[in-house]
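Subject: Structure handover

Hi,

As promised, here is the structure for you to take over.

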Amino acid sequence: MAGCQGNDVNDLEAQIANRGRRLARRYGSVECEGRSSACPMNAASNTITSKGIHFMKIFSLLSLLVIVCLAGSAVFGQTAPTKLSVAGISQDVMVRRDARGIPYIEAANDADLYFAQGYVTASDRLWQMDMLRRVVRGETAEIFGQSALEQDKRWRRFGFAKIADESYAMLSPELRSALDSYARGVNAYTSSLDENTTPIEFGNLQYRPKPWQATDSLAIGKILADALSTTWRDDLLRAQVQTLPKEKLADLENSRTPYDVVLFPGNQKARTATNSAMPPDDSLLAAADRDAALRKASLESVGLYAEGLAASNNWVISGKRTATGKPILANDPHLSASAPGIWYIADIHSPGVHAAGVSVPGIPGIVLGHNETIAWGATNVGPDVQDIYSLELDGKGSYRSPAGWTKFDVRTEKIAVRTNPLSPATKDVDLEVRSSVQGPVILDDKSGTYALRWTAFNPENNEFEAFYRVNRAKDWLSFKNALRTYGGPAQNFVYSDTKGHIGWYAAGRIPIRRKGHGELPYNAAAKDGDWTGYIPFEELPHLYDPPSGLIVTANQRTVGANYKYPQFASDASAPWRARRIFDRLSGRTKLTRQEVADVQLDAFNIPLDLLAKEIVRRRAASAETLALLKDWDGRMMPDSQAALFASEMQKCVTTEITRANPPVTYGVILERITERAVRENLRRWLPAGVESYDDLLRSCDGQVRVSLARVFGADPKAWVWGQTFTAVFPHPLVVAPVIGTKFIARKDPLAGSRYSPNVGSSVSMRYIVTPGEWDATSLVIPLGESGRPGNEHFKDQFDLWRTNSPPPLVFNKVLVEKLPASVTLSPAGRAD
């Protein structure tokens, strides 16, 4: 590796040995030294203090420097051979790489294609893949120790390992074959690794990856379900606010705004019957908050946390609105930033399929992208697909059900927990999991016990059968038929094809309850919360070649008040991003791809622009603040003082309203109340003692100025948006002493904000495509294809992503064959 010489390695080894002996003497004895078989990783094993563990971690991490210096290039790095002999394929597979390291895989059959995809993806993202399956299987404490145990317990309660096994048996033979081939490819790559070529995270954490299973891929789909469809805590919050005055409760329950972008009005009034529930007490909500924190931490570690489920923009434009007369489809999913990112770009080609776009490491095929005929994208819908049930217990292992007292189904999960950061040794911790007929017990507090029912617990609802079929779809009908099989978190799938058609289908399994729509907790002893089926596929919202020639989804409420299933949009996001995108596109014809790219970068924030204008209109701030906001254009740019000031004013107003209106949470106030309360002067939401919103805004102006001076200094010129809105792409090991800096990607100030079309670091990829003009496809991810720090493709796409100006992702065979780097995977043992 460049920059590491032989003397450097010797010096490092000497430093490590000396520091290790000093630390061992101070914080605990060392049972073995050197590189004997009894101590392969220089492990020091003993019971030591927490401070000792901290310093011993430094010792372990210093060891990683030696591993880094000794590590060779990845199999497909700059020194890769032109031909590799691989056991497990039947014919040669060609793998080409473009300048960004994006693989173009061409095989003679599907089995070899998915084998090669697994092999190649593992060569770039093996540790990330291992982390994904460890998270969902509840096995992270095995490598991170006690600090990860509670996260593992949360996942073990769900039982996704068993569900993945059951789901696998229900798949089509074609998808099972693809999963099996992909797993064989991953394992072929893993078996080729030695100490020098294994990703450095494994060396640092002192373990080797276990063989990949086809069910590991299915299990990863359940992480997506948790990221994009977890809403049960909202049921408790809604129950808690039922004691509010009727006017306030009506405000909270009113999801309609003047800024909505509704695609499907509906023609049948929804049923209004609701279930009832007792408000939960504070201790139960505290337990729910702890669960939410565990969920956030585990999902952020793999780049799949979506705050408020607000995950993505997409739109599709008919050819009658474009300069070329052909459709344009755009998609930019929003997920928590991470290094590496959650998407992996690839082109896969066999006689049975040719598709390009992004996949999730660990999953075969293309998730979002195009084939030779159609293109597709997706955003989250946000329906209610989870219910929680209050359980009455008898103290003897039973709960009350409609059939009477019923025994819990009880199982014991054994969780391996690392006992020492310097040794892979573990101890088992037993977790008892109780399940009712509804599902596992997820809250067990002195004030109540609750079980969870969730579409993700049904093994028939798998995420990937649909994508396997979409990869091969040829038209709208075959695309729709593929989506019929989709059982993952409900998505707004947008569509376009080479014949000029556009469409949208909101697909997923959305339950119908016997009573109500799942907005409040149910009583497990009654039948009100029974699921009687799912919304029929034909009745899910959809459009095909709408007269407007434009379809925009950005997690907003896409259905009108007359849609018969209100649970479809019960947890939809605020309309701000959708409204801004729609406004920029709807009044235009002759749209170009560059204009579409500009919309993806749009940093305009509607609610902050409205607030700034309202403050100026009311003259409800100091002269300095009024001058700043009066000239602001509403864009959240890194060098903008007004952007930061408007954002802080919104936070202050929202915080003051929240404090005055318990038990409503800050997030709910921000989404449903703040903008409307100021606009309509809703006095019922004002804090006690505050006479008007003018007074509240003036008070916040003073508070904000004091706060900004304390944080950024007395000079207001330093109070700019780029101080707080920066590129942040954390790696799980970035906080590690000594070597953590190797995992740092970029920290640049960014344009955008939560309610702008451009949401900054959370834009997990940007994609623009015109069907038929495949070689001009624009696709970029925030960092790079490789998950190996130090690799040239670890973060080489950042500036291309930030400016939305990547080179085209070519598709035509002639252009693909001109790509500079290539390697052939050949069947092992074949005579050439």
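Below are the notes on what turned up.

First, the ground rules. This is a predicted model, where local features need pLDDT of at least 70, side-chain atom pairs count only at pLDDT 80 or more, and totals for chains, interfaces and linings use all residues. Residues are numbered from 1 along each chain as its sequence is written, and side-chain values use heavy atoms, with hydrogens and water left out.

On confidence: pLDDT is the predictor's confidence in each residue, from 0 to 100. The protein chain has a mean pLDDT of 88, and 88% of its residues reach 70 or more. Residues 1–79 are below 50, although this stretch has 107 contacts in the model beyond near neighbours in sequence (a contact means heavy atoms within 4.5 Å). Where pLDDT is low, the predicted coordinates should not be read in detail.

Now to helix α21, residues 693–712. (Helices are DSSP runs of H or I, at least four residues, and strands are runs of E, at least two, numbered from the N terminus.) With 20 residues at 1.5 Å each, α21 should span 28 Å, and its end C-alpha atoms are 27 Å apart, which agrees; the expected span is 1.5 Å times one less than the number of residues.

Which residues of α21 are buried? They are Tyr693, Asp694, Leu696, Leu697, Cys700, Asp701, Val704 and Leu708. Seen down the axis of α21, the buried residues fall within an arc of 145 degrees, so they line one face of the helix; the arc is taken from the directions from the helix axis to the C-beta atoms. They pack against α17, α18, α19 and α20, while the face turned away carries the exposed residues Val706 and Arg710. (Buried means under 20% relative accessible area, exposed over 50%, partly exposed in between, with a 1.4 Å probe and protein chains only.)

At the N-terminal end, Ser692 caps α21, with a side-chain oxygen 3.4 Å from the backbone nitrogen of Asp694. After α21 comes Gly713, whose phi is positive, near 100 degrees.

A few loop details to look up:

- The peptide bond from Ala339 to Pro340 is cis, with omega near -5 degrees; Pro340 sits in the loop between β5 and β6.
- Pro662 and Pro663 are also joined by a cis peptide bond, omega about 10 degrees, and Pro663 is in the loop between α19 and α20.
- Gln206 has a positive phi, near 60 degrees, and is buried at 8% relative accessible area.
- Arg619 has a positive phi too, near 55 degrees, but counts as exposed at 56% relative accessibility.

Over to you!

Methods:
Polar contact = N/O pair within 3.5 Å; in protein donor to acceptor, adjacent residues only side chain to side chain.
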